[in-house]
Amino acid sequence: MKTRAFWIGLVALVMLAGCEDEPMRSTDVSTLDMLVSLDATDSGDGATVRVRISSPLGGLRLSDGDTLRLRMGGNPLTLREVEEDERPVYLADAASLSGDITLDLERRADRSIVDRVIPVPPPIGLTAEPLLGDAPLKLAWNAAPEGKHVLGLVVDGTCIKPLSRTLPNDVGQYEILQAELAPLDPAVPGPCPLQVTLARTATLQEPIAPPAMQIGLYALFMLSRTVDVSWTP
Amino acid sequence: MRASATENRALRTHESRAARALLCLLAPLVLGAASPDEAAPSQPAEPLPELPPPSEPVAAPSAPAGNHSAPRERSTVEMARLDAGVMYVRGLKMLGFGTLARYQVLVGFIDLDVVRFPHERFGFEIHLNGGPIGFDENAQVEIGLSGAGLVAPFRWKGRAPGSFVLGVGGTFEYGRPVWLEPGYHGAPFGLARFRIFPTGTVGLQTAYRFVPITTNELALQEHDVELGVSTGLLQLGARVRVDEVRGGEPARLYRSIGGGVFAGLVVF
């Protein structure tokens with residue numbers, strides 16, 4: 001009798017636990033309450049686009065016919081679902097970030113988001129002239145003076161103190177005086193390999209659709225290029 | 001002893017005749033002035049026919065018989081009640097524009113009901129309830145005040161007296177459902193109440209109240225069902241509550257179901 005009561009209680013507990021741990025379905029969430037977070041990185045060796053969709057109750061998984069589609073420069077991106085931090089993430093790989101991203105969130109029983117264009121900063125295409133004599137380090141890239149992004153420059157190496165600065169204007173060229181490069185140990189002679197990284201970072205925060213007022217679409221782009229330069233202090 | 005009883009019976013019969021005569025004299029005054037034709041009997045000199053004496057004098061149910069105090073007759077429609085109870089509510093609530101969220105809460109309440117029937121068929125009731133919602137740091141308060149006009153299309157006596165009462169009224173509520181904003185609303189409601197006393201000491205009562213619409217922006221409907229069993233002044237019972245809210249984007253149905261028990265003092 002006790003064994004039977006134990007099993008009945010155990011089954012009841014499992015059923016109750018199952019009721020409490022129901023996964024959050026996207027169909028339970030209004031489109032207007034969703035937060036679509038897109039982050040894309042392109043460091044020159046391939047681009048990755050990640051999309052997370054969350055709700056007031058936390059992360060959610062697209063279900064019951066809700067579909068997310070991305071296009072970049074008109075070409076569809078192949079999305080796959082992976083788990084990161086126990087939350088579903090929709091991931092796409094591409095050769096590079098080139099062209100704006102278009103997002104479609106198709107929903108059968110709710111408002112769909114169709115042809116939502118998310119502007120992507122233009123490619124960088126960084127080049128550096130060799131350091132000769134006392135000439136400054138001359139950098140050149142594809143200018144984007146009208147872009148709404150932050151341009152960051154980092155010069156790093158095993159023999160110098162990292163140099164980091166934000167460039168105020170994205171005009172396509174910049175010079176760094178050799179005097180600005182601070183060697184870690186001035187007494188050590190010889191060539192010093194440097195890595196010069198230029199990064200464009202852009203964010204977008206918008207309501208997902210009217211009448212929603214809070215942020216429903218968040219995008220973060222980070223495009224960077226790194227070139228190697230040999231410097232002899 | 002037997003002779004004395006016969007004398008008493010004769011005395012009561014004589015008193016009964018005297019009371020009937022008094023009623024005949026006062027009836028026109030109580031029921032209104034009679035028409036001249038009715039007031040002037042065609043044969044005033046003719047004596048009234050004498051009614052046969054009843055075999056046993058019967059006292060009115062509400063009148064005391066001799067020195068014995070009869071138990072107070074329970075009303076089939078009126079009520080005064082003070083009770084307290086708890087209710088567990090579980091269901092769906094709306095977050096944001098239309099996101100489904102599950103919630104559960106324990107509601108405590110105290111009820112005060114007064115139901116009066118100044119007339120045989122028509123009456124009124126006042127209901128007041130209040131109590132906490134939840135017992136943690138997020139506890140809120142639920143308050144309701146309502147009044148209704150009542151009509152009793154059916155009320156009966158006999159071995160199992162009872163009644164069926166219908167009513168309409170208005171209510172002001174705060175905190176129901178707990179998640180709905182704003183947390184107060186006014187609303188009309190309809191009610192039905194069935195009461196029966198199957199024995200001399202036990203009473204059964206069930207009631208249903210329906211709120212079809214409220215002043216909330218979202219469409220809210222409330223259903224309340226109550227079943228109570230009373231003996232003497234004590235009443236125990238159970239209540240079921242269903243709240244249905246429709247609206248949001250996308251339009252959804254957010255239903256909450258609650259169930260609980262109560263105990264209280266009641267006078268019918």
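A residue is called buried when its relative accessible area is under 20%, exposed when it is over 50%, and partly exposed in between, with a 1.4 Å probe and protein chains only. The model is predicted: local features need pLDDT of at least 70, side-chain atom pairs count only at pLDDT 80 or more, and totals for chains, interfaces and linings use all residues. Residues are numbered from 1 along each chain as its sequence is written, chains are lettered from A and ligands numbered from 1 in the order in which they are written, and side-chain values use heavy atoms, with hydrogens and water left out.

## The disulfide in chain A

With a disulfide taken as a pair of cysteine sulfur atoms within 2.5 Å, the count over all chains is 1. The pair is Cys159(A) and Cys192(A), whose sulfur atoms lie 1.1 Å apart. Cys159(A) sits in the loop between β12 (150–157) and β13 (163–167) of chain A, and Cys192(A) in strand β15 (residues 192–206) of chain A, so the pair ties together parts that are 33 residues apart in sequence. Helices (H or I, at least four residues) and strands (E, at least two) are here DSSP runs, numbered from the N terminus.

## Domains and a sheet of chain A

The domain assignment, whose bounds come from an automatic or database source, gives chain A a domain 1 (22–120) and a domain 2 (127–201 + 226–231). The C-alpha centres of these two domains of chain A are 35 Å apart.

In chain A, 3 strands form an open sheet in the order β10-β11-β14, with antiparallel pairing; two strands count as paired if DSSP finds at least two bridges between them. Strands β10 (127–128) and β14 (173–176) of chain A are the edges, each pairing on one side only. Strand β11 (residues 137–140) of chain A is joined to β14(A) by 4 bridges, and the bridge partner of Leu137(A) in β14(A) is Ile176(A).

## Salt bridges

Taking a salt bridge as a side-chain nitrogen of Lys or Arg within 4 Å of a carboxyl oxygen of Asp or Glu, the structure holds 38 of them over all chains. One of them joins Arg102(B) to Asp28(A) at 4.0 Å, N to O. This pair crosses between chains, from strand β2 (residues 99–116) of chain B to the loop between α1 (2–20) and β1 (35–42) of chain A. Arg102(B) is partly exposed at 47%, while Asp28(A) is buried at 3%.

Within chain A, Asp110(A) and Arg107(A) form a salt bridge with their closest N and O atoms 3.1 Å apart, and both residues are buried. In chain B, a network of salt bridges links Arg81(B), Asp83(B), Asp111(B), Asp113(B), Glu226(B) and Arg239(B).

## Around strand β5 of chain B

Arg209(B) and Glu173(B) meet in a salt bridge at 2.7 Å, N to O. Arg209(B) belongs to strand β7 (residues 202–211) and Glu173(B) to strand β5 of chain B, so the pair ties together parts that are 36 residues apart in sequence. Arg209(B) is buried at 14%, and Glu173(B) is buried at 5%.

Thr171(B) is also placed in strand β5 (residues 162–174) of chain B and is buried, with a relative accessible area of 8%. Counting contacts as heavy atoms within 4.5 Å, and leaving out residues up to four places away in sequence, Thr171(B) touches residues including Leu145(B), His185(B), Phe189(B) and Arg209(B). The side chain of Thr171(B) reaches the backbone oxygen of Leu145(B) at 3.4 Å.

Terms used:
Polar contact = N/O pair within 3.5 Å; in protein donor to acceptor, adjacent residues only side chain to side chain.
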